[in-house]
Amino acid sequence: MLTAVGCAVAIADDDGRRLLSRSSYDPFHGSAAAQDWVAYSDHAAVIRVTREAAAKPDPKDGDYIPRTVTATVTKVVWSRPEAPPLPKEITLEAKGWYTTLWGGREKAAREGASRLEPGHTYVVGVTGTGSRQKLIGDDAAVPYDAATFGRGELEGRVISPNAFRRAVRGMPEDAVAKFGVSETYNSRTLRDVQRLLEGTSPLNIYRQAALNSLYADVNLDRKPDHHADEGAGDLPGRFRRRVSALDSGTDYFLSIACFGRGSAITLRLTVNGTTTTRQLPCNTGNELVAVKQPRGEVMYEITSAEPDAGAVAWNVSEAPRRVADQGH
């Protein structure tokens with residue numbers, strides 16, 4: 001019997017599977033929402049899994065045997081701009097098996113997620129190079145047997161659309177899986193999912209990720225940061241900021257964080273009449289640029305010429321103070 005618990009499907013009886021708890025799923029980023037698919041996927045596609053193979057076990061994983069599956073791509077539903085072509089046949093990593101005490105195997109599955117089993121069809125969000133692709137996360141595979149969302153394999157079992165609909169209740173409102181099985185007058189189609197992804201922007205995710213990567217408090221004086229200026233904006237674009245009324249006896253720093261599909265941004269910083277230009281990487285964390293004892297106005301300009309670059313966040317704060325300045 002399938003019962004919905006949050007966005008997970010809990011199956012109680014012992015049928016030769018080892019079901020990994022949903023709470024143990026701690027991805028770097030989400031993979032359920034349409035925003036996640038367009039932010040992290042190169043392609044959304046319909047695949048049919050044709051075969052599986054055991055991969056080389058890692059001794060650190062104990063009795064776990066990893067698995068790869070080979071799948072035929074039957075239709076590409078959506079692709080990000082400038083994504084490399086998706087081959088007709090791809091290989092994906094998938095949940096494998098655990099060896100049992102009597103020498104057999106138990107299927108490894110995660111609550112609320114598909115294992116990707118031979119003979120079944122899925123709509124997936126993938127990224128990769130050539131035939132070596134990977135799901136962007138456990139929630140980026142939607143059962144699609146008989147061209148029907150929610151029909152097929154979940155947690156290593158064959159389920160119906162009604163059971164899948166109950167399983168995804170706890171997912172975000174714009175989850176691709178939830179959208180596909182929504183109860184409407186006409187059943188959802190691949191064209192509907194294509195429209196959903198084409199009309200979804202990843203910029204909210206990029207912007208929040210950039211803001212989250214800015215330091216919350218880097219001062220050493222045990223006081224809250226004093227922000228001279230802070231903000232966030234979408235790329236590609238140009239952001240020109242002027243900051244005045246800074247203390248000429250104080251050092252500052254400009255912290256910049258970029259997140260998206262771009263690889264670099266350009267910073268032009270003018271302090272005390274001198275302009276310097278630097279290339280800073282995207283998606284590698286926060287970059288700090290010194291602003292030493294500015295006299296008058298400080299100006300900085302952040303640009304990116306790359307398409308689909310993402311978003312950038314910035315913050316001008318007082319620099320950490322020396323211990324002697326703190327009276328210790």
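What percentage of the 328 residues of the protein count as buried? In this predicted model, 49% of the 328 residues count as buried, and the secondary structure comes to 5 helices and 20 strands. The points below move from the overall fold to its nonpolar cores and then to one residue in a loop.

**Overall picture**
- The protein exposes about 16400 Å², and carbon and sulfur atoms supply 49% of that area.
- Among contacts in the protein with a separation of 6 or more, 68% are accounted for by residues 24 or more positions apart.

**Nonpolar cores**
- The largest nonpolar core has 40 residues, and those with the most contacts inside this core are Trp37, Val123, Phe149, Phe164 and Leu197.
- The largest share of this core comes from α1, which contributes 5 residues.
- A second, separate core has 23 residues, including Leu254, Val289, Ile302 and Ala309.
- Once residues up to four places away in sequence are set aside, Phe164 touches Val142, Pro143, Gly150, Leu154, Ile159, Ala177 and Val181.

- Ser31 lies in the loop that runs between β3 (17-20) and α1 (34-40).
- Ser31 counts as buried because its relative accessibility is 1%, while the cut-off for buried is under 20%.
- Leaving aside neighbours within four places in sequence, Ser31 is in contact with Tyr25, Asp36 and Trp37, and also with Ile136, Gly137, Asp138, Asp139 and Ala140.
- Trp37, one of the residues in contact with Ser31, is also among those with the most contacts inside the largest nonpolar core.

Notes:
Residues numbered from 1 in each chain as written. Predicted model: local features only at pLDDT ≥ 70, side-chain atom pairs only at ≥ 80, totals over all residues. Heavy atoms only, no water. Helix = DSSP H or I, 4+ residues; strand = E, 2+ residues; numbered from the N terminus. Buried < 20%, exposed > 50% of the residue type's maximum accessible area, 1.4 Å probe, protein only. Contact = heavy atoms within 4.5 Å. Areas by Shrake-Rupley, 256 points an atom, 1.4 Å probe, with all protein chains shown as cover. Core = buried A, V, L, I, M, F, W, Y, C linked by side-chain atoms within 4.5 Å.
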